[in-house]
Amino acid sequence: MIKIISSNLGYPRIGEKREWKQALEQFWEGKIQETELLLITKVIRLNNLKKQQEKGIDLIPVGDFSLYDHVLDTSVMFGVIPERFDYKGGKVSLDTYFAVARGTKNAVASEMTKWFNTNYHYIVPELENIQPSVTENRPLSFYQEAKEELGIDGKPVLLGPITYLKLAKIQDDVHFEKLLETFIPLYIQVLKELEQAVVSWVQVDEPIFGMNLSPQILTFAKKAYETIHQAVPNLNILLQTYFENVVDYKKVVDFPVQGIGLDFVHGDALSFIQEHGFPHDKVLAAGIINGRNIWRADLEERLDVLEQLKQIVTNKLIIQPSTSLLHVPVTKKLEQEIDPFIYGGLAFADEKLAEIVTLTKALDKGRDLVKSALKDATESLKQWKDASFGKNQEVHQKLENLTDTDINRKVIFSERIKKQKQYFQLPLLPTTTIGSLPQTSELKKVRTKWRKGHVTTGEYEQYIRDYIKKWITIQDQIGLDVLVHGEPERTDMVEYFGEKLNGFTVTKFGWVQSYGSRCVKPPVIVGDVSFAKPMTVKEVVYAQSLTTKPVKGMLTGPTTIYNWSFVHDDLPRKTVLNQIAIALKAEIEILEESNIKIIQVDEPALREGLPLDRNKWPAYLDDAVTAFRLATSSVEVDTQIHTHMCYSNFEDIFEAIDGLDADVISIETSRSHGNLIATFEDNTYNKEIGLGVYDIHSPRVPSIEEIKQNINRALQTISPNQFWINPDCGLKTRNETETIEALQTMVDAAKIIRKTALSYQK
């Protein structure tokens, strides 16, 4: 009889009420010292472990906690610190750690990009001119802490060498092999020390195996794990994959490790095992509970899958979530204001742990032991399927009546851009911002008071108008060419629309980490999405009344709203995307009727949602492009459609982005030092574009020379007649002083470049 145990892959770092975020930001602001920060975060970390212990999880992850990012933690553990931070070796200080992530006055931060197809961001390792060494055995420290403080024999979590190096800046496979040969001895050193500490299991995360890797990389990977196995043959290593199927399943499960973790939610791992089998000498860790969504699982159905696996595997079977629970909120117990019908269907991190324990007991001891829990889950799901909650027949009728004319602009770009230039009369290299402007603590307090009824709606709206007026004046004084109203009324670029559209609900404490201390609260899509009433018109029209310069209408695009929401499992992706698009189309038409002639529909998450398997890209991109065009194509010829994308690896989806048919696209590029510009050397792009000329995720204010250098680099490839000048992203998280200084520097740099810009021709 095989042994059945429960496990977790990772737990949210942020605390039930974002205590982690608050401590970090107080430290960065100088309000608390390092010792206090470390004490506060230790309490959070131990509470996280204690919760998992009390829930009954057998294998509790340790070392998954981070003060910023787990990829950066790995870099720090190996002394991978770029030269510009003046690192002299040895254990990396906390100041240096945060400097790499956030930059300093004299050193730009390392590049930040999306962690696979999630909204979590990681700090990209820079491996040029680096001589790595083990500066501290981080997993061992956390393992010892859990054992000494709580008596927990934890499961250390370590980012695997293949994933770590593939996420870094590496030239080619040859370079990869050399780096792997350098890093494997360091991994062995860490693992040997864990072995000496008599650790039961070590979780080595390798989500990269869900992607299409070259045969050469797979050969290097197998050799690396063979070397590790020879060095630590008695250490139980769980090679953990997640997010999708392991593309090269047969090769990866043959690696010399004691256990393999597979995702049974986002891929078809069961079919892979049924077709190709599973090694008799390995433990299977089955990711059976969705670690990326907030809905209760169909425990009966999940149990059916596990019972099939139980008949196949001959060794120990570990039951766990499909991914780290980093991607879901902490607990639903605080959601006292949400509709009870919806509440009953939710499962945040804590509830998912309970589901894992229930499945473990049911599989190990029989269903009767957890009969009530299984029945409760089944009845909850039946209610969802049977209810008319959130259904809208009118929306479905609109979808059925769509034609090609609904997704095509009236005139091709080359003709409409002439009309737009004639209408707007903007200077060469027009300057603008991406959308949001600083949200001060005072603004947040006023909004909170209004929500609680301590401030009247009239008083709140007057405060918003005063904010808009202030920032329109500031933008005019700075000399920006196209202005924004600043979005003071919005808590978040997706949640705001979730509060306004039919088919959504929002949580109060459903926070998830995005990057650094930045947390987002994804809205919840529970039914058919439809337009209710104007969402952005009042504020933008008021802003436009204050200036003769154009003010952009600001919307979030359908794919980003979808990707950054928690969508109920029963709702088809394509259907929901197009429902959102139709709702946005209604808003865009009202903005245009209100004489807002530049409308930006942001899609920062378009690339983020790509499946890991490239073979699935065409269908995803086709749906995303169709939804964007459905939302934006009804406007007049002289109305200009903008869009914005974050860290998009533009070259991967060039054709799709061109297919959006937006008149102007802005892309986040400053942390990659303009490397994405090279894409335009190999591809023809005839629309207008803004490549972010400075990094807004860092508090540092760039110099004129830095911005000029970024602009000049772009103008070597892109015609000045196509080029816009803007920051990397929205400015919501920056303070007022640094925002004004940075924007003024950007405008001054643009004015200087304009004098010679026409000498650059593509």
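Which residue forms a salt bridge with Lys418? In this predicted model, the partner is Glu415, and the closest N and O atoms of the pair are 3.6 Å apart. Lys418 and Glu415 both belong to helix H16, which spans residues 413-424. Because they are three residues apart in this helix, about one helical turn separates them. Lys418 is exposed, with a relative accessible area of 52%. Glu415 counts as partly exposed, at 40% relative accessibility.

Arg416 sits in helix H16, whereas Asp661 sits in the loop between helix H24 (654-659) and strand S19 (664-667), so the bridge ties together parts that are 245 residues apart in sequence. Arg416 and Asp661 are both buried.

Asp661 has a further partner. Its side chain meets that of Lys687 in a salt bridge, at 4.0 Å from N to O. Lys687 lies in the loop between helix H25 (679-682) and strand S20 (688-691), while Asp661 lies in the loop between H24 and S19, so this pair joins parts that are 26 residues apart in sequence. Lys687 is buried, as is Asp661. These residues belong to a network of salt bridges that links Arg409, Arg416, Asp658, Asp661, Asp663 and Lys687. Across the whole structure, a search finds 42 salt bridges.

The structure holds eight cavities of 30 Å³ or more. The largest cavity has a volume of about 490 Å³. It is lined by 34 residues, of which Ser436, Met493, Arg518, Cys729 and Gly730 are the closest to its centre. Three strands each supply at least two residues of this lining: S12 (512-515), S13 (518-520) and S15 (552-556). S15 gives the most, with three residues. By residue type, the lining of the largest cavity divides into 14 nonpolar, 12 polar and eight charged.

The second largest cavity contains about 260 Å³ of space. Of the 23 residues that line it, Gly63, Asp64, His70, Val157 and Asp205 are the closest to its centre. Helix H3 (70-77), helix H5 (138-150), strand S5 (155-159) and strand S6 (202-205) each supply at least two residues. H3 gives the most, with four residues. The lining of the second largest cavity divides into 11 nonpolar, seven polar and five charged residues.

In general, strands of a sheet pair through backbone hydrogen bonds, in a parallel or an antiparallel way. This sheet is open and has eight strands, in the order S1-S10-S9-S8-S7-S6-S5-S2, and its pairing is parallel. Its edge strands are S1 (4-6) and S2 (61-62), each of which pairs on one side only. S5 and S6 pair in the parallel sense over three bridges. Leu158 has Val204, in S6, as its bridge partner.

Note on methods: Residues numbered from 1 in each chain as written. Predicted model: local features only at pLDDT ≥ 70, side-chain atom pairs only at ≥ 80, totals over all residues. Heavy atoms only, no water. 1 Å grid on protein atoms, 1.4 Å probe; cavity = no way out; pocket = protein on both sides within 12 Å on 5 of 7 lines; lining within 4 Å. Points joined across faces, edges and corners; volume = space filled by probe spheres on them. Nonpolar A, V, L, I, M, F, W, Y, C, P; charged D, E, K, R; others polar. Buried < 20%, exposed > 50% of the residue type's maximum accessible area, 1.4 Å probe, protein only. Pairing = 2+ DSSP bridges.
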